[in-house]
Structures are given as C-alpha cells and as structure tokens.
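Hello,

Here is the structure I said I would pass on. My notes on it follow below.

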Amino acid sequence: MQQVVPPLSGPNVIVRRVRPADRDGFFALQTDPEIHEMFGGSRDTYRVMTREAADAVVERLSSHPFAWVIEHGSRVIGETRLDRVDMQDRRASFAVGILDPQCLGRGIGTEAMRLVLRFAFEQLKLHRISVRVLAYNLRAIRAYQKCGFVIEGHEREAAWVNSQWHDDVMMGLLDRELR
C-alpha cells in the first residue's frame, strides 16, 4: 500500500517525502551518541553514519507509506512516521526523530509533530495515536505533552540500554486532544 503523503509546511519546518538526494543530508548529519541513546541505542551499538547507512535510511523512508523527512533551513534534520496505521480502528503509532543536536530544544520537533498529527487526524481521520518513549527521554516526553499526548502507563524494564533496564512510557493522543 504505497500512500502518497503531501508535503506539510509550517513557519520553521517542511515535512515532506524523502528524495534520493536526501542521502547526502542524512550523511551530513552523521550520528550523535546522545541522540542514539535517546532512541534506545547503547553506547556499544553506536556507529558513525556511512554513505551505505544513509542510503538505507532513504530506502527505508521511501518504502514506508507514511514517512516524511523533516527539513529546517533547507537542510534535512530528521524524520517522522505514522506506523501501524489501522484504518479500521482509526489509529496509528507515531515516531519522530530530530537528528541534528543543534535543532533540539528549539520547538522544531514539536512543530513537525503538530503538522503530521494534524494530517493524521484531519486527512486520514484517525481517532487515536500512540507513542512509546524511554522514560529517561524527558525532552521527548515534554514535546509530546506540548502536543496533547497524555501518559497512559509505563512498561517496566522494557528496554536494555547501556547494560541497564529502562522503562518505556506509553502515551496517547485522541483526535479531540491535539493542541
């Protein structure tokens, strides 16, 4: 099911389909060890970005029916996706990742999230979107809460990161709750 998703624009970001040329943008971002850990990666699994890995990112996003790159200042800075879209139950799970450390904490990710969430609720007519985030990723939890997500529970010791168990926070957002 290849879905055609439109580009979404806000004052500071454009959220659009991936292009082959984005390979260079993902490669230029390299990878950041702290961001890797916020996504649940351990220090011993951290790898620098290679051209092959950048190609794989572009391929993964281009084959995903509801995936976008996040562009800020004419540069690719991250990605966002609606995963497991279920049109019968009108729900999906959500993922967003700002990969440029210089763009963290500036509201750019929140703006990109709002664009995709608005698309999900207004265009796809979804009713519910869920997200799971590592309990120690407080920046992400705050960004989700700014958009209206509420904490619905914790999955205890769900992620093995840096030789320790960590909890996942389960969050949800209903169509009427988007801020």
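**Helix packing and aromatic pairs**

The crossing of α4 and α5 is right-handed, a term used when the near helix is turned clockwise from the far one by less than a right angle, with anticlockwise being left-handed. On the α4 side the contact is made by Thr110, Met113, Arg114 and Leu117, and on the α5 side by Ala143, Tyr144, Lys146 and Cys147 (contact means heavy atoms within 4.5 Å).

Before the rest, two notes on the source. This is a predicted model, in which local features need pLDDT of at least 70 and side-chain atom pairs count only at pLDDT 80 or more, while totals for chains, interfaces and linings use all residues. Residues are numbered from 1 along each chain as its sequence is written, and side-chain values use heavy atoms, with hydrogens and water left out.

Helices α1 (residues 22–29) and α3 (residues 51–62) also pack together, at an angle of about 125 degrees with axes 8 Å apart. They too are oblique to each other, and α1 passes α3 in a right-handed crossing. Among the residues that meet there are Phe26 and Phe27 of α1 and Arg51 and Val58 of α3. Arg51 lies over the face of Phe27, at 4.0 Å from the ring centre (CZ of Arg or NZ of Lys within 6 Å of the centre and within 35 degrees of the ring normal).

The whole structure holds four aromatic pairs (ring centres of Phe, Tyr or the six-membered ring of Trp within 6.5 Å; planes under 30 degrees apart are stacked, over 60 edge-to-face, the rest tilted). Trp68 and Phe119 are edge-to-face, at 5.6 Å and 80 degrees. Trp68 is in strand β3 and Phe119 in α4, so this pair ties together parts 51 residues apart in sequence. Trp68 is buried at 0% relative accessible area, and Phe119 at 8% (buried is under 20%, exposed over 50%, partly exposed in between; 1.4 Å probe, protein chains only). Tyr144 and Phe149 are edge-to-face as well, with centres 5.3 Å apart and planes at 70 degrees.

Regards

Notes
Helix = DSSP H or I, 4+ residues; strand = E, 2+ residues; numbered from the N terminus. Axes fitted to C-alpha atoms, helices over the stretch in contact; angles between N-to-C directions. Parallel < 35°, antiparallel > 145°, perpendicular 65-115°, else oblique.
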